[in-house]
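Hi,

Here's the structure I promised to pass on. Have a look at it first, then read on for what turned up.

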Amino acid sequence: MVLACLLLECPAAVSTERLVDAVWPDAPPATARSQIQICVSHLRQRLGTSSARIVTRRSGYALEPGGAELDRLEFERAVDRARELVRSGRIAEAVTVLRGSLDLWRGPVVLPEISSPVVRDRAVVLEESRAIVVEELAALMLSGGRHSELVPLLSREILDYPLREQMRSQLMLALFGAGRQADALREYRRARDVSIAELGIEPAEPLRSLEAAILRGDTSLLQGQSPATTPAPAPAMLPAGVGDFTGRADAVRDMLAAVHGGARNGTGAAVLVLSGHGGVGKSALALHLAHRIADRFPDGRFYASIGSDPAGTDRALERFLRALGTPPNSIPESAEERQAAFHERIAGRSVLIVVDDATIESQLLPLIPPDSCGALIVTSRRRLTALPGATRFEIGAFDPAESLALLERILGSERIRADPDAASTLARYCGHLPLAVRIAAARLAARPHWTLRAMCARLADDSAQLDELQHGDMAVRGSLLLTYESLAPETRRLLRLLSLLDSPRIGGWTCAVLLGCDARTAEGRLDELVELHLLEIVAVDADEPLSGQFRLHELVRLFARERAMAEETASGRVEAITRVVRAFLRLVEQTHLHEYGGDLLLRGDGPRTVLDSRITDRLLAEPLVWLRRERAALVATVSQASALGLHTECWSLAVTAVVLFEAYGFYDEWRSTHLTALSAVVRAGDRRGEAAVRYSLGSLELFEQHYGSARADLDRSSALFAELADDYGGALVGRNLAILDRLTGDYDRSGARSRAALAVLRSHGDHSGEAHVLANLAQLAMDTGRVDEALAVIEGAARAAEDLPNRRLAAQITHRRGLVHLRRGEGETAEALFGEVLTFARAVDDRSAALHGMVGLGEALELRGDPVAARRSFEQAAALAATLGEKRMRAHALLAIGRLDLRLGDRVAAAAAAVEALRVVEGSGLPLLEQRCRSALAAARADTTPGGAAGGARPPT
């Protein structure tokens, strides 16, 4: 294998690393480099005193043939000589030389006994050059009218190259010229069968046209070209494909369809643009695709890597024209003339052009083939959206299965099967970025004594992750650095600052906050990051890009944070995050005001970041919808505020965000943000902050029916507010303690607390708080049998809330009004009110409101004598309550279902419903409801219906 590598590259040097990869593609031993040295030493001994010798170079080893014969070099020299003869018009001599060059081959496969991927990759390039020489020889013989002589040669060769349409067309022409029209047409049918069987597509247009011409008996096909104008051989400039190419099956399928569609629609060349950030494998995919379709483009396969070089296109055109046989002194000087000359040379010909790492559309326009039989494949870090007729493909990270497949290709299945969990973890640490996965696998392959878990441990440290993801000339950091350095200075700064935010999703509006600029400027910077795939789009608003949501790939985030640590001052980093925290706080406060109305009296003092009004207006057009989309960022921002010591902003943001958590039942986020905030305020000795957070935590525990912990937090909050002489905060806590008293059966204390809270809230002008207290007093009146009083009080609550924007409060009052009318036996009125609650719940996706509306509607339908519809509503409510963890409302729904079962005489079902309701509430601190469950169970077993309001209906409290 070492000798094969040296022969294939001779006289160029081969690096030691490449020799190691050739000999041990999966798991090189620790002594690999030493063993390579031993191999070279043995080879030198075998060469003895011959003129060929192996020399040591800085990068590895090279074979210098001296006077020795090397058939590869003989072949290449002969081909060069033949092409020179063609250019000088000496066609007969060129045919003789080309035939002699092919005689050096023993079959079309180079080194067939050696399976090393490194050797095979280089061998494939040499094999491709042989096929091209066969086609060049055939073209010369056709031009000389040597049809019969050519038929046996091509008949043998086509067996080895069944998909080469250029060679197939030459055989068809030779057969036609030899007077064998039927055999020529039969050859086309063979080509079509092979193309459909192997590629799933029809032959390319030139071959189809040739068949039609032969079918017509078009003798002009035989006139050919004069020897003086015989075209240069078809260029074959594609680099070798990636030997262990993995995954991308869907993308390859779609790209093949795009190439085939572009060739058939007759409107122009197929143009494919593959875009994605550094390391996603765009180049590997483009070359894989190019080699898959190479046989469809017999007139030439061109390749150029342009990058950001302003003269890149000009240089590519010069190389292409040289490959087409244009003498150097005939290549035009001006870019326009070069483009015209190139298009003239490839007009009407099936050519494939691959352009790697393009940056702008203007680089590519001169390279688009002028006819529909050509194709252009482009890779770019940018989204090149202005290229005419292009089909664009966004290339992202691997999916987990593709990552594991690449690891297995490089490391071997045995090593992956030994620890599949570690393999999955390794791929995840690599962010499923193909370059990162390849690097990690290469490092493991070079170190067989390392386990997958050892590599995972090295990658687990964020601060060292990019250091670990480099091997040889492959490095994730280097790949990202190329993209980073192409950014405008302010866009680089934006990327650095965005990486400091801990949120998994980033609101576009934060760009303006971080840069301290207006909306239009922020949009421009944001667009540049998106265009270069450094920011991935999660959700986009067509009317306002800054309302969208974006994500940084984890490795991009790590790279950008490195740059932030190096290029931003410590104070600058803190100031940037602080601006975002304070902007978030301002936006959440505005959401709270929009949804609840009134003043925000329970909040911390301090500055707020003011945003461009255009951004604010757009974000807050539907504030709860926006805030729900931002909830992950909100939780992360509370944590970052705590970490930076911004305790006032931390607790203010957490408490104000309850408008979101309550509306959508996000109890986990409610709890996590408040525990974070509680830790921050206790650390800072902020007693008002502690009082506010404990009040809000107590409210959550009240929602979740954890009444013991709710009372503990509310009592502690009440004591803190009293110590601070904050009567408003004390009133808010008293309002919730009153609800807790009512639920646990202490009606007198509930009434006293409610009336005291009501007076304070009214004195502060808090109409929302006033309405809440009145609703509780109405329920208290119902619970104690004062239904008429309950009606008057709840109507007062409705009046207090009528000018507020708080739709949820309005729905809660409407629900309580429905309960009052139920207790009064007014089923139709109650049904209409519960219907309004459900309409609201559906409009804003408020599942808690939907649950209460369903139970109330079921009660109303039962009262009106429609048990079937009532049961359906109760069953829906029971299921939703289970999802929400709402024990109290689930018990109410189950009791109602059992009550209906008992009326139908199904005692077993009624008892089962009561048992389930008791199981739900037992020990939850609701003694009255628990007693109702026991009574319902006793009634079912005794076959007697428990008493209750309005025909047995018992509205929930």
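Leaving aside neighbours within four places in sequence, which residues is E704 in contact with? They are Y667 and R671. Keep in mind that this is a predicted model. To find E704, go to the loop between α33 (687–703) and α34 (707–723). Is E704 buried or exposed? E704 has a relative accessible area of 13%, and buried means under 20%, so E704 counts as buried.

Now for another glutamate in a loop. E886 lies between α42 (867–884) and α43 (887–903). E886 is buried as well, because its relative accessible area is 5%, and the cut-off is under 20%. If you skip residues up to four places away in sequence, E886 touches F703, Q705, S848, L851, H852 and A881.

Last stop, a pair of helices. How do α22 and α24 lie relative to each other? The axes of α22 (residues 489–498) and α24 (residues 519–531) come within 9 Å and cross at roughly 80°. Angles of 65 to 115 degrees count as roughly perpendicular, so that is what we call this pair. On the α22 side, the contact is made by E490, T491, L494, L495 and L498, while α24 brings R525, L526, E528 and L529. Sorted by class, that contact has 5 nonpolar, 1 polar and 3 charged residues.

Cheers

Terms used. Residues are numbered from 1 along each chain as its sequence is written. This is a predicted model: local features need pLDDT of at least 70, side-chain atom pairs count only at pLDDT 80 or more; totals for chains, interfaces and linings use all residues. Side-chain values use heavy atoms; hydrogens and water are left out. Helices (H or I, at least four residues) and strands (E, at least two) are DSSP runs, numbered from the N terminus. Buried means under 20% relative accessible area, exposed over 50%, partly exposed in between (1.4 Å probe, protein chains only). Contact means heavy atoms within 4.5 Å. Axes are lines fitted to C-alpha atoms, for helices over the stretch in contact, and angles run from 0 to 180 degrees between N-to-C directions. Angles under 35 degrees count as roughly parallel, over 145 as roughly antiparallel, 65 to 115 as roughly perpendicular and the rest as oblique. Ala, Val, Leu, Ile, Met, Phe, Trp, Tyr, Cys and Pro count as nonpolar, Asp, Glu, Lys and Arg as charged, and the others, Gly among them, as polar.
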